[in-house]
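Student: I would like to learn how to read a model of this kind, feature by feature.
Tutor: Then look at the structure and ask about one feature at a time.

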Amino acid sequence: MGQTLVEKILSKKMGRDVKAGETIIVDVDFAALHDGSGPLLVRLMNERGYQEEPLFNNESILFANEFGPAPTKEIANEHSLCRAFAHKHNCHWEEGGTGHVHAHVYEEYLKCGSVCIVGDSHTTVHGALGAFATGCGSTDMVAVTKLGKTWLKVPETFRINVTGKLPEYVSSKDIMLHLASIIKSDQAIYKSLEFRGDTISSLSVDARLTITSMGVDVGAKAAIMETDENTREFLKSFGREEDYVEIKGDDDANFERVIDIDATQLVPLVSKPHNVENVDTARNCNDQKVNMVFIGSCTNGRAEDFRIAAKILKGKKIAKGLKLLVIPNSTHVYKECLKDGTFLTLAEAGAMIEAPNCGPCMGVHQGIPADGDVVLATQNRNFKGRMGNPNSSIYLSGPAVAAATALTGYITDPRDL
């Protein structure tokens, strides 16, 4: 009997074969916290008298203030708390306004086949590089940062086979929204989603990261993919080709469930308020007026996403009365889109472009909607209040639908432009 990808990675870490359902204590290769989980961790460390004690490996710990330049004195103080702790313990540190914690991790530190734990639920994103990556709360992060270990139950695996060429204007976000409509938000709780098939292998790492970032949004403990030449080239572009390891799955592994998706039949989709699984086609929602469009977040804030939007918006203007907010998820993405003119195109169309950060996806600053506003966002969650105002409504989509919607002011299938 073969092994699933998570069984393979965790078996190698443990030095013996492990199987789904087994509870283990495993060594952590890399850990990170942001300005939501970081201050909680620092206070817990202080309460327990650990503030003067060494961490497990300061070279394997990152603190990143991802909520952007501090919008309030309260958040500025939280940033200061994390900054002081990180510097004191010689950990990696990234200022607010330089990008998401996850972008820093996969651009600068993540190695294929590693175990990565971050104090954030969307840590599943790193499975796109063949890592076992999951989030945990600040209490568990105390053990992670101090001891370099965590406990977990080896998850059962759903194998997701995606085959065929994606139609024009259909992206990896549509694959994930379609999957959400199948397994909802409760069928994959504490499971691993293993994505396979020729569609997945044809995707760029940018596109793969979109899929794995939303693993947790359908309840999964991990979302993971095999590594290949696309993975190698991605790491090479950051000067880290030596961090590439080939990670391949076994067809005869014990999968709890197998789901087949024919990519050729997919169309541009949206997720309607107030659940990710509430999926419909963009065409079915074309009478829905929108007040704001947000392109960004850890799910769709990479260069490929902005280039898709720029191609649709080039030489045009966004709808009168609509706000288009564009926020890259890392300084690297910001620079790339400045160099190739992508951000100039978006700005000329009427977009507001901000420093790399979470933006309104976390509901703390930079783009919080007003009462009654309807937002179309490329982020990952649309529950009530996610963007800071429970009296607004959030639709989710990929970048093509977002750009088309910005042009018309109504949810729009880009094929209908």
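Student: Why is helix 4 (residues 101-108) largely enclosed by the rest of the structure?
Tutor: Buried means under 20% relative accessible area, exposed over 50%, and partly exposed in between, with a 1.4 Å probe and protein chains only. Helices (H or I, at least four residues) and strands (E, at least two) are DSSP runs, numbered from the N terminus. Seven of the eight residues of helix 4 are buried, so this helix is largely enclosed. Among the buried ones are His-102, His-104, Tyr-106 and Glu-107.

Student: Before going on, what are the ground rules for this model?
Tutor: This is a predicted model in which local features need pLDDT of at least 70 and side-chain atom pairs count only at pLDDT 80 or more, while totals for chains, interfaces and linings use all residues. Residues are numbered from 1 along each chain as its sequence is written, and side-chain values use heavy atoms, leaving out hydrogens and water.

Student: What is the mean pLDDT of the protein?
Tutor: pLDDT is the predictor's confidence in each residue, from 0 to 100. Where it is low, the predicted coordinates should not be read in detail. Here the mean is 93, and 99% of the residues reach 70 or more.

Student: Is Glu-108 buried or partly exposed?
Tutor: Glu-108 lies in helix 4 and, at 31% relative accessibility, counts as partly exposed. Contact means heavy atoms within 4.5 Å. Leaving aside neighbours within four places in sequence, Glu-108 is in contact with Glu-94 and Arg-240.

Student: Where is Ala-20 found, and which residues does it touch?
Tutor: Ala-20 sits in the loop between helix 1 (5-14) and strand 1 (23-27). Its relative accessibility of 22% makes it partly exposed. Not counting residues up to four places away in sequence, Ala-20 touches Glu-7, Val-154, Pro-155 and Glu-156.

Student: How does the radius of gyration of the protein agree with that of a compact globule?
Tutor: The radius is taken over C-alpha atoms, and the globule rule is 2.2 Å times the number of residues to the power 0.38. With 417 residues, a compact globule would have a radius near 22 Å; the protein has 20 Å, which agrees. The C-alpha trace spans about 55 × 55 × 40 Å along its principal axes.

Student: What share of the residues is buried?
Tutor: Buried residues make up 59% of the 417.
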